[in-house]
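Thanks for coming, everyone. I have one structure to walk through today. Please have a look at it, and then I'll start.

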Amino acid sequence: MARNRRRKRQVLLEEKPSKFGNVILEIIFWILEIVVAILLGFLLVRYGAEKMTVSGSSMETILTNGDSVIIEKLTKKVRDYKRFDVVAFQQNKKDHNYYNIKRIIGLPEETVQIIDGKVYINGEILEDKYAEEDMANAGVASAEISLEKNEYFVLGDNRNNSEDSRFANVGNVVASDIIGRVFIRISPGFAFISLLEPEKLEEAEEK
């Protein structure tokens, strides 16, 4: 009996440090998981993606006031932006802290001009399925604009209710001022921005 009791005590003494050690390890792993999650979240926001809320009606009907969207920041690291990409930008010389969202119309080293409400790129009329209507005000683009190698000409889809590259307070957008491409609309209704076209929206509304 005495021998059995000694053995049980010895087993208990050996188990206690083991259990204590396991608890410490669990706490360490738990802390590491939190740190990694915070770090990944920071990297995702800083270098990968960012959520924002649309303000204003300049991108109707693709995006309307209050819509939630995701801006992806990786495109600019792997390729140049393309015509008709929807981008978010913040100009360095502006004193506001919000982003503008517009559609890229003119690409670097192209010429842009607006004649009779239509966009001309390098002297050729642009087939633009995103324009809600012809522009009543050509702004500074009534004369031909030559874009530098790092500049983009942007317009809002709601052309007659948009402050964009036609106006001096926005002007041509420098590549370094572009935060990223507006990639996904979260709400209302999850959708990829590249798939949101006026014709498709009209078809969906009719159904």
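Lys-73 sits in the loop between β2 and α2 (75-78). Lys-73 counts as buried, at 10% relative accessibility. The cut-offs: buried is under 20% relative accessible area, exposed is over 50%, and partly exposed is in between, with a 1.4 Å probe and protein chains only. The side chain of Lys-73 makes a polar contact of 2.9 Å with the side chain of Glu-50. A polar contact is a pair of N or O atoms within 3.5 Å; within protein, one must be able to donate a hydrogen and the other to accept it, and residues adjacent in sequence count only if both atoms are side-chain atoms.

A word on the source. This is a predicted model, so local features need pLDDT of at least 70 and side-chain atom pairs pLDDT 80 or more, while totals for chains, interfaces and linings use all residues. Residues are numbered from 1 along each chain as its sequence is written, and side-chain values use heavy atoms, with hydrogens and water left out.

Four of the five residues of β2 are buried, so β2 is largely enclosed by the rest of the structure. What does β2 pair with? β1 and β2 run antiparallel, joined by five bridges. Strands count as paired if DSSP finds at least two bridges between them. Thr-53 has Ser-68 in β2 as its bridge partner. β2 and β11 also run antiparallel, again with five bridges. There, Ile-71 has Val-182 in β11 as its bridge partner.

On to charge. How many salt bridges does a search of the whole structure find? Eight. The criterion is a side-chain nitrogen of Lys or Arg within 4 Å of a carboxyl oxygen of Asp or Glu. Let me show three of them.

Start with Glu-72 and Arg-181: their closest N and O atoms are 2.8 Å apart. Glu-72 lies in strand β2 (residues 68-72) and Arg-181 in strand β11 (residues 178-187), so this pair ties together parts that are 109 residues apart in sequence. Both Glu-72 and Arg-181 are buried.

Next, Asp-157 and Arg-103. The closest N and O atoms of this salt bridge are 2.8 Å apart. Asp-157 is in the loop between β9 (151-155) and β10 (173-174), and Arg-103 is in strand β4 (residues 100-106), 54 residues apart. Buried or exposed? Asp-157 and Arg-103 are both buried.

Then Asp-128 and Arg-159, also a salt bridge, with the closest N and O atoms 2.8 Å apart. Asp-128 belongs to the loop between β7 (124-125) and β8 (145-146); Arg-159 belongs to the loop between β9 and β10, and the two are 31 residues apart. Asp-128 is buried, as is Arg-159.

Glu-151 is in strand β9. Its relative accessible area is 16%, so Glu-151 is buried. A polar atom of the Glu-151 side chain lies 3.0 Å from the backbone nitrogen of Glu-148. The side chains of Glu-151 and Asn-172 make a polar contact of 3.4 Å. Leaving out residues up to four places away in sequence, Glu-151 touches Gly-106, Leu-107, Pro-108, Ser-146, Asn-172 and Val-173. Contact here means heavy atoms within 4.5 Å.

Next, a sheet. Four strands form an open sheet in the order β7-β6-β5-β8, with antiparallel pairing. β7 and β8 stand at the edges with a single partner strand each, so one side of each has no neighbour in the sheet. Strand β6 (residues 118-121) pairs with β7 over two bridges. Tyr-120 stands opposite Ile-125 in β7.

Last, the whole chain. The protein chain has three helices and 12 strands. Of its 207 residues, 37% are buried. Among contacts with a separation of 6 or more, 62% are between residues 24 or more positions apart.

That's the tour. Over to you.
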